[in-house]
Amino acid sequence: MPDPDAELMQQVAQGDHEAFSILVQKYRQPVLNTAFRYVGNREEAEDLAQETFLRIYEACHRYRPTARFSTWLYRIVTNVCLDARRRRQTRSVESLEALEETSSEVLMDRRSPSSQEAVERQELQKVVREAIASLPPRQRMAVVLQRYEELSYQEIATALDCSVSAVETLLHRAKQNLKERLWDYVEGNAETPQVIADGSVKKDRAVRSERS
Amino acid sequence: MRCQRVKRRLSAWLDGEVGERERPALEAHLQACADCAAEAEHLRQVWELAGALPEMEPGPGFEAALRARIQEREVRLARRPKWGPVAPRWAWAMGVGAALSLSLWLGLTLGRGLAQLPGTRDSARQAVLDSWSVTAFHELPPQSVGGAYARLVANGGGNER
């Protein structure tokens with residue numbers, strides 16, 4: 001089955017700026033989300049997303065549709081994020097602090113109507129953000145790609161340039177690490193509100209009564 | 001399946017990455033083993049919690065900033081010399097090779113040319129020998145050894161080596 005995005009890339013190679021604009025509009029959100037969930041800082045995420053598209057543009061003449069365009073795109077955004085992480089080893093904590101200052105204004109969250117639930121959700125997001133930020137770089141990227149972008153293990157392996165079994169190991173260890181960090185928030189271990197499947201926040205008592 | 005193997009595969013099972021050959025045995029074990037079932041449930045909840053991070057809306061100037069970066073790159077490329085700040089490696093290799101070849105050719109050519117000039121070596125050598133063998137002893141008294149030597153050379157002897 002032909003890949004329409006690969007055809008657009010071939011048009012970009014021929015100088016079609018409109019084709020490139022279509023690709024940017026289509027993948028801008030997933031690229032931004034990936035970068036944002038990886039680095040935890042809005043400003044840096046925008047910079048990394050632009051860097052990703054710049055690299056795609058620069059590589060248009062070298063692009064060969066041997067795989068789906070999206071697989072290649074995730075490989076590029078992964079490399080951009082990992083490169084940035086290597087350059088800024090000490091910045092992850094600062095980024096989290098910067099994010100916390102602006103989270104209430106900037107983060108998009110349409111799931112909770114009440115202000116109390118919004119506060120609780122932000123508290124949970126802060127904990128989860130810190131837990132993910134504490135992971136080693138490749139575990140963190142594997143989590144972002146699987147949990148949020150829903151890439152298959154094979155696609156993640158391509159993005160991270162490793163084997164499928166290596167991806168399985170990364171995610172196994174990441175989940176174990178997250179379990180340690182988030183243990184208090186697992187059902188029955190704390191009084192903190194929990195996020196259930198539909199994204200709403202319920203009190204611990206209500207969750208227990210539903211499952212009993 | 002043993003508990004150790006099941007627990008190692010729980011992450012992949014939760015992600016839907018366990019193959020159809022392995023899945024029935026793994027799920028049967030989870031039905032029978034409360035410890036592994038509890039571990040699976042904990043991982044499931046942790047993985048659900050891990051999905052709490054929100055999306056990020058792009059800023060209003062995202063595409064304009066991207067266009068500006070692309071234009072800046074193209075201007076930079078247009079200003080660069082044909083070979084850029086560093087010539088291609090093959091050009092450097094060719095240049096070094098040409099210089100070495102020229103030097104070798106010049107050395108061989110000039111050397112052969114000098115050797116072929118008639119009496120060049122002998123006449124120059126003789127001039128040096130003459131100056132040393134004759135003028136060095138001009139000032140010495142005739143009865144001295146140097147004076148005797150000078151008389152000997154003047155008479156055609158004293159083959160200097």
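How many salt bridges are there between chain B and chain A? The count is seven. The legends below describe close-up views of a predicted model.

**View 1. The contact between chain B and chain A.** In this predicted model, 35 residues of chain B are in contact with 51 residues of chain A. The two chains bury about 4500 Å² between them, and 59% of this area is on carbon and sulfur atoms. On the side of chain B, the residues that lose the most area to chain A are Trp47(B), Leu53(B) and Met56(B), which together make up 18% of what that side buries.

View 2. Between chain B and chain A, 27 residue pairs are in polar contact, counting pairs with both residues at pLDDT 80 or more. The elements of chain B that give two or more residues to the side touching chain A are α1 (3-14), α3 (34-49) and α4 (62-79). Of these, α3(B) gives the most, with ten residues. Sorted by class, this side of chain B has 15 nonpolar, 15 charged and five polar residues. One salt bridge to show in close-up joins the side chains of Arg69(B) and Glu51(A), at 3.0 Å from N to O.

**View 3. The second largest pocket.** The volume of the second largest pocket is about 200 Å³. From chain A, the pocket is lined by His17(A), Phe20(A), Ser21(A), Val24(A) and Tyr57(A). From chain B, the lining residues are Glu63(B), Leu66(B), Arg67(B), Ile70(B), Gln71(B) and Glu74(B). Two helices, α2 (17-39) of chain A and α4 of chain B, each supply at least two residues of this lining. The helix α4(B) gives the most, with six residues. By class, the lining of the second largest pocket has five nonpolar, three polar and three charged residues.

**View 4. A salt bridge within chain A.** Over all chains, the salt bridges number 18. One of them is formed by the side chains of Glu149(A) and Arg37(A), at 4.0 Å from N to O. This pair links distant parts of the chain, 112 residues apart. Glu149(A) is in the loop between α7 (137-148) and α8 (153-160) of chain A, whereas Arg37(A) is in helix α2 of chain A.

Note on methods: Residues are numbered from 1 along each chain as its sequence is written. Chains are lettered from A and ligands numbered from 1 in the order in which they are written. This is a predicted model: local features need pLDDT of at least 70, side-chain atom pairs count only at pLDDT 80 or more; totals for chains, interfaces and linings use all residues. Side-chain values use heavy atoms; hydrogens and water are left out. Contact means heavy atoms within 4.5 Å. Buried area is the accessible area (1.4 Å probe) that two parts lose on being put together, summed over both. A polar contact is a pair of N or O atoms within 3.5 Å; within protein, one must be able to donate a hydrogen and the other to accept it, and residues adjacent in sequence count only if both atoms are side-chain atoms. Helices (H or I, at least four residues) and strands (E, at least two) are DSSP runs, numbered from the N terminus. Ala, Val, Leu, Ile, Met, Phe, Trp, Tyr, Cys and Pro count as nonpolar, Asp, Glu, Lys and Arg as charged, and the others, Gly among them, as polar. On a 1 Å grid over the protein atoms alone, a cavity is a set of points where a 1.4 Å probe fits but cannot get out, and a pocket is an open set with protein on both sides within 12 Å along at least five of seven lines; lining residues have an atom within 4 Å of a point. Grid points are joined across faces, edges and corners, and a volume is the space filled by probe spheres set on the points.
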